[in-house]
Amino acid sequence: MSGSEIVFEQIRSSGCLSYVLGCAKEKICVVIDPEIDKATDYIGLAEFFKSKLLYAIDTHTHADHNSACKLMRERYGIQVVMHRATDAPYVDVKVNDGDEIKFGRCSLKVLYTPGHTQDAICLLFDDRIFTGDTLLIGGCGRTDLPGGSAESLWDSLRRLEGLSNEIRVYPGHDYREAVSTLGDEKQKNPRMTIASRDEFIQFMTSRKPPLPRKIQEALEWNRTPIYRQRGSGEGI
Ligand SMILES: [Fe+2]
C-alpha cells in the first residue's frame, strides 16, 4: 500500500515504541503496543486523522511497562487483541498464527513468535513488520522473564530470517534507531548472526540482566481484568 493510503505514526515513550496504523480511505486505525502514559495521545492522533480507533493490540504481555489496552477498552470501548496464549483476562479478540487483523482496507498478518514470552507475536503489514520484543534493532528480547524460552526465540528468529530483506522492522523498544530492515538485522544483529541453536541458547540463558524496574507493577497490571484507579479518585 502506498503512504497516502495509510495512516502511520510511531510514538515514543522513554524506551518504549508504539504505533498508530490505519486505513486512510475508510478511516479506521489500530494502535500497537500502547503505553499507558500515552493513552490520550493515541486517541488524539485518531481524532486528528478523523479515524475510528478499532483495536488496541499488544504484541505480548509486557513486563517492563503498563499496557494501555485495558484502559482504552474500559474508557473508549476499543477492542483488545492478543495471541490466544496470553494470560491477560481482558482480551476481546484472541488471534492465532496466520490470522489477519482487518481494519478498513488494511490488514495485519499474525506471526506467532514465542520466545521472549509465550504469547509473543509479530505483525506483518506489507513491507513493514512490527516485531514487539521478539526482534529489536541490534538485539532481541530477553528470555529469562516469565514465559521466556531461548529455544523458542531461536526458532522464531529463524522464521523472521526467512522473510524478505526489504521489510522494515518496527520494534517494541528503541535503543538505537527506531526502524531498520530485516536485511540489516540478518547481517549485523549479533543475536541474529549467532550460527548455532545451542550457542544461541547458551548465550541467552547465561545472561542475567537486571530485572525491569517496574516488573511487579507491570505484570500485575497487564494480567488483571479490572481497570483500577490509582491514588485517590483520579483515573489514570
Ligand atoms: Fe517485552
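**Salt bridges, aromatic contacts and an enclosed strand**

Asp97 has a relative accessibility of 39%, so this residue counts as partly exposed. The structure is a predicted model, in which local features need pLDDT of at least 70 and side-chain atom pairs count only at pLDDT 80 or more, while totals for chains, interfaces and linings use all residues. Residues are numbered from 1 along each chain as its sequence is written, and side-chain values use heavy atoms, with hydrogens and water left out.

Salt bridges come next. Side chains of opposite charge can pair when their charged atoms come close. Here a salt bridge is a side-chain nitrogen of Lys or Arg within 4 Å of a carboxyl oxygen of Asp or Glu. The structure holds 11 of these salt bridges. One of them joins Asp97 to Arg159, with the closest N and O atoms 2.8 Å apart. This pair links distant parts of the chain: Asp97 sits in the loop between β6 (93–95) and β7 (100–103), Arg159 sits in helix α3, and 62 residues separate them. Helices (H or I, at least four residues) and strands (E, at least two) are DSSP runs, numbered from the N terminus. Arg159 is partly exposed, because its relative accessibility is 34%.

Arg168 forms a salt bridge with Asp127, and the closest N and O atoms are 3.1 Å apart. This pair, too, links distant parts of the chain. Arg168 belongs to strand β13 (residues 168–171), whereas Asp127 lies in the loop between β9 (121–125) and β10 (128–132), 41 residues apart. Arg168 has a relative accessible area of 28%, so it is partly exposed. Asp127 is partly exposed as well, at 36%.

Another salt bridge runs between Glu161 and Arg158, whose closest N and O atoms are 2.8 Å apart. Both residues lie in helix α3, three residues apart, about one turn of the helix. Glu161 has a relative accessible area of 31% and is therefore partly exposed. Arg158 is also partly exposed, at 21%. Elsewhere, salt bridges that share partners join Asp127, Arg128 and Arg168 into one network.

Two arginines also sit over aromatic rings. A charge counts as over a ring if NZ of Lys or CZ of Arg is within 6 Å of the ring centre and within 35 degrees of the ring normal. Arg158 lies over the face of Trp154, at 4.0 Å from the ring centre. Arg128 lies over the face of Phe8, at 4.6 Å from the ring centre.

The rings also pair with one another. Rings of Phe, Tyr and Trp (its six-membered ring) pair if their centres lie within 6.5 Å; planes under 30 degrees apart count as stacked, over 60 as edge-to-face and the rest as tilted. The structure holds eight aromatic pairs. Phe48 and Phe49 form an edge-to-face pair, at 5.2 Å centre to centre and 75° between the planes. Phe48 is exposed, because its relative accessibility is 61%. The ring centres of Trp154 and Phe200 are 5.5 Å apart and the planes stand at 50°, so this pair is tilted. Trp154 lies in helix α3 (residues 150–161) and Phe200 in helix α5 (residues 197–206), so the pair, 46 residues apart, links distant parts of the chain. Both Trp154 and Phe200 are buried. Phe8, Tyr19, Phe130 and Tyr170 form one aromatic cluster.

Tyr19 also belongs to strand β2. Eight of the eight residues of β2 (residues 16–23) are buried, so the strand is largely enclosed by the rest of the structure. Both of its faces are covered. Cys16, Ser18, Val20 and Gly22 are buried on one side, and Leu17, Tyr19, Leu21 and Cys23 on the other.

Two strands pair if DSSP finds at least two bridges between them. Eight bridges join β1 (residues 6–13) to β2, and the two run antiparallel. Ile6 stands opposite Cys23 in β2. The β1 and β2 hairpin has two residues between the strands, and Ser14 takes a positive phi near 55° there. Five bridges join β2 to β3 (residues 28–32), again antiparallel. Val30 in β3 is the bridge partner of Leu21. In the hairpin of β2 and β3, four residues lie between the strands, and Lys27 takes a positive phi near 55°.

Note on methods: Buried means under 20% relative accessible area, exposed over 50%, partly exposed in between (1.4 Å probe, protein chains only).
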